[in-house]
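Welcome, and please open the model in your viewer. We will go from stop to stop, selecting a few things at a time.

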2 protein chains.
Amino acid sequence: MTVKTIHVSQNALSANREIAEQNRAKLDAAGVVALNLMASPGAGKTSLIERTIERLDGRVRIGMINSDTSRAAIDAERAERAGAVAVHLDTVGRCHLDAGMVRDAMACLPLRDIDLLFIENIGNLVCPASWRLGAHWNVLIASTPEGDDKPYKYPKMYNGVDALVINKTDLLPYVSFDLDNFTRGVEGLNHGLTTFPLSCRSGEGLDQWFDWMASIADRKAALAR
Amino acid sequence: MTVKTIHVSQNALSANREIAEQNRAKLDAAGVVALNLMASPGAGKTSLIERTIERLDGRVRIGMINSDTSRAAIDAERAERAGAVAVHLDTVGRCHLDAGMVRDAMACLPLRDIDLLFIENIGNLVCPASWRLGAHWNVLIASTPEGDDKPYKYPKMYNGVDALVINKTDLLPYVSFDLDNFTRGVEGLNHGLTTFPLSCRSGEGLDQWFDWMASIADRKAALAR
């Protein structure tokens, strides 16, 4: 008799992938385009969502799934105040979202009334990189005060995303951030990655981001028609 | 017959605790005081270690165990250039240090020639909070551009540390950081926590930190005599 070996982590990841595919199918059926927003703590995920809601209000209907490791629904409340439909996911200390959590949160949202869904992941540059959620776009927000060496230190995250925001460009005069070194690191991992340098605080660079958000929402709506 | 249930995560944590105790015993026997430095990516762990090495050079012998999720030994090289004995731990994508990794790294260091050992954890505010390493002090570095809401979002981390550094105070005029809200959050989780507001860049507040570092190294040396 051969002993059967169960590879727990692989099984967990492949089960996750199946649920992620189901999430994607539900989003597509409802005509929703979804973004999985990942970043370090405090890089500006919620600020970028807030600015986007304020700017696209009345043109694109926005939903938000917010996650944090605690009950504090601070970010979901910020998004609701800005005008989105939001739910808060308390991961009870867990370090990343998985597709099952997102499935449960999606069930609480009126998907037919949403064009663009932001899924705000746990602030963490490591664990979220391994777990697909079913989102159409995996987006990473880097932040200038974090320093320019992050692509070299968190290659899996930088390698696995479809777009990159460089937030807090207004702080460039006050922090050590060598854009050339940063860009070289990104290019080595994810050649030609779509990148948006911007500042949620000063507003610089936000127009390009808003245009992209509006265009991916429009394309989705056209497909769903 | 009763089916035996194995609680994998509890077993892993209790096995970790045993190794952490062995690490502590080895450190004590060698007269080394060890700090487990935790923070978000880019909050300034390596910068603080660098400044401390430069300032205490010739007075306190410093060692460093650096960890990152990749082979890039950038931070260990920075510490060596500043004058410390350093080893780099590549966690191959893992999101936190555990006591076994630290045991293996300690075996590569000349502990008898070290007074103060910095263990630089993976940049992550979630996972490292659950894993004790055997260090005498668990120290968290917050960073002003991260925002003042982090104690509310990462309560386990803020609750479990013995000292707190608030780095990048030089950026306070340029970022949204309500010190009162931050302090209320910290106080609610960890009353009376020893706190060092400072800036590794401008140097403000560093003297208090250096004094503390020298005093804990001296106390340890006196005990080991």
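**Stop 1: Colour by confidence**

The average for chain A is 93, and 96% of its residues score at least 70. For the complex, the predictor reports an ipTM of 0.88 together with a pTM of 0.92. Where pLDDT is low, the predicted coordinates should not be read in detail.

**Stop 2: Two helices in chain A**

Now select residues 45-56 of chain A, which form helix α2, and residues 74-82 of chain A, which form helix α3. How do the axes of these two helices cross? They come within 9 Å and cross at roughly 15°. Angles under 35 degrees count as roughly parallel, and α2(A) and α3(A) are therefore roughly parallel to each other. Their crossing is right-handed.

Next, show the side chains where the helices meet:

- On α2(A), pick A:Thr46, A:Ile49, A:Glu50, A:Ile53 and A:Glu54.
- On α3(A), pick A:Asp75, A:Arg78, A:Ala79 and A:Ala82.

Coloured by type, the residues of this contact between α2(A) and α3(A) split into 4 nonpolar, 1 polar and 4 charged.

**Stop 3: Where the chains touch**

Zoom out until both chains are in view. Here, 30 residues of chain A are in contact with 30 residues of chain B. The largest share, 3 residues, comes from α5(A). Taken as a whole, the side of chain A that touches chain B comprises 14 nonpolar, 9 polar and 7 charged residues.

**Stop 4: Val92 in each chain**

Select A:Val92, in the loop between β3 (85-90) and α4 (99-106) of chain A. Is A:Val92 buried or exposed? It has 9 C-beta neighbours inside 10 Å and so counts as exposed, the cut-off for exposed being 12 or fewer. Look at its backbone too: phi of A:Val92 is near 50°, a positive value in a residue other than glycine. Most residues other than glycine have a negative phi.

Finally, jump to chain B and select B:Val92, in the loop between β3 (85-90) and α4 (99-106) of chain B. Phi of B:Val92 is near 50°, again a positive value. With 8 other C-beta atoms within 10 Å, B:Val92 is exposed.

Key. Residues numbered from 1 in each chain as written. Chains lettered and ligands numbered in written order. Predicted model: local features only at pLDDT ≥ 70, side-chain atom pairs only at ≥ 80, totals over all residues. Axes fitted to C-alpha atoms, helices over the stretch in contact; angles between N-to-C directions. Helix = DSSP H or I, 4+ residues; strand = E, 2+ residues; numbered from the N terminus. Parallel < 35°, antiparallel > 145°, perpendicular 65-115°, else oblique. Left-handed = near helix turned anticlockwise from the far one by under 90°. Contact = placed C-beta atoms within 7 Å. Nonpolar A, V, L, I, M, F, W, Y, C, P; charged D, E, K, R; others polar. pLDDT = per-residue confidence, 0-100. Buried ≥ 20, exposed ≤ 12 C-beta atoms within 10 Å, placed from the backbone.
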